[in-house]
Amino acid sequence: MIAETVCSAVSAAGLGIAVITAYRKRFLAAARIAAYSLVPVGLVMTGVVDWLADTAFSPTAWAGFAVLGLSWVLFATTRTVERRRGGSRKERKAARTATAPEAVAPRASAPSLGQGTRPATRPAPASRGDDDFSDIEAILKKHGI
């Protein structure tokens with residue numbers, strides 16, 4: 001009985017705020033406030049409030065919520081452990097039998113301080129008839145590409 005009265009009062013206050021908001025020419029906000037304020041009355045009319053009141057004071061319901069919580073914790077824990085291990089047993093077995101090539105480290109991009117093992121070669125001077133790509137070719141040859 002008290003829950004229905006409180007829900008009705010909250011809805012009435014919300015509708016009053018919606019009317020004031022509409023008076024200020026903010027119709028979209030007023031419609032949104034009216035929608036939110038009608039929810040408590042709708043819950044009372046459908047019987048959800050009575051169900052929640054009966055559930056809140058029932059030890060059996062609280063035990064059921066505890067069992068659901070324990071179930072959720074078990075699901076989350078097993079999922080976390082499975083992700084850390086790398087999948088299911090079949091996936092781990094397939095990964096062990098497959099031989100993946102080893103990764104190769106890229107060449108160092110910094111120049112060495114001393115003389116290199118290759119003799120330094122200068123690119124041949126380009127003739128005037130060549131394209132402008134001779135400079136690019138020289139740079140690519142310098143880097144061994």
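The following exercises, each with a worked solution, concern a predicted model.

Residues are numbered from 1 along each chain as its sequence is written, and side-chain values use heavy atoms, with hydrogens and water left out. In this predicted model, local features need pLDDT of at least 70 and side-chain atom pairs count only at pLDDT 80 or more, whereas totals for chains, interfaces and linings use all residues.

**Exercise 1. Determine how H1 and H2 are oriented to each other.**

Solution. Helices are DSSP runs of H or I with at least four residues, numbered from the N terminus. Two packed helices are described by the angle between their axes and the distance between the axes. Step one: the axes of H1 (residues 2-23) and H2 come within 8 Å. Axes are lines fitted to C-alpha atoms, for helices over the stretch in contact, and angles run from 0 to 180 degrees between N-to-C directions. Step two: the crossing angle is roughly 170°. Step three: angles over 145 degrees count as roughly antiparallel, and H1 and H2 are therefore roughly antiparallel. Step four: the residues that meet include Gly-14 and Leu-15 from H1, and Ile-33 and Leu-38 from H2.

**Exercise 2. Locate the nonpolar patch and classify Val-48.**

Solution. A patch of this kind joins nonpolar side chains (Val, Leu, Ile, Met, Phe, Trp, Tyr) within 5 Å, from residues with over 30% relative accessible area and no salt bridge. Step one: the members are Val-39, Leu-43, Val-48, Trp-51 and Leu-52, with about 440 Å² of accessible area together; such areas come from the Shrake-Rupley method with a 1.4 Å probe, and for residues only the protein chains shown count as cover. Step two: H2 (27-46) and H3 (48-56) each supply at least two members, and the largest share, three residues, comes from H3. Step three: Val-48 lies in H3 and counts as partly exposed because its relative accessibility is 31%. The classes are buried (under 20%), exposed (over 50%) and partly exposed in between.

**Exercise 3. Identify the residues of the salt bridge and state their accessibility.**

Solution. A salt bridge places a side-chain nitrogen of Lys or Arg within 4 Å of a carboxyl oxygen of Asp or Glu. Step one: the structure holds one salt bridge, between Glu-82 and Arg-79 at 3.8 Å, N to O. Step two: both residues lie in H4 (residues 59-85), three residues apart, about one turn of the helix. Step three: Glu-82, at 33% relative accessibility, counts as partly exposed, and so does Arg-79, at 44%.

Definitions and conventions
Patches are made of residues with over 30% relative accessible area and no salt bridge: like charges are joined within 9 Å, nonpolar side chains (Val, Leu, Ile, Met, Phe, Trp, Tyr) within 5 Å. Buried means under 20% relative accessible area, exposed over 50%, partly exposed in between (1.4 Å probe, protein chains only). Angles under 35 degrees count as roughly parallel, over 145 as roughly antiparallel, 65 to 115 as roughly perpendicular and the rest as oblique. Contact means heavy atoms within 4.5 Å.
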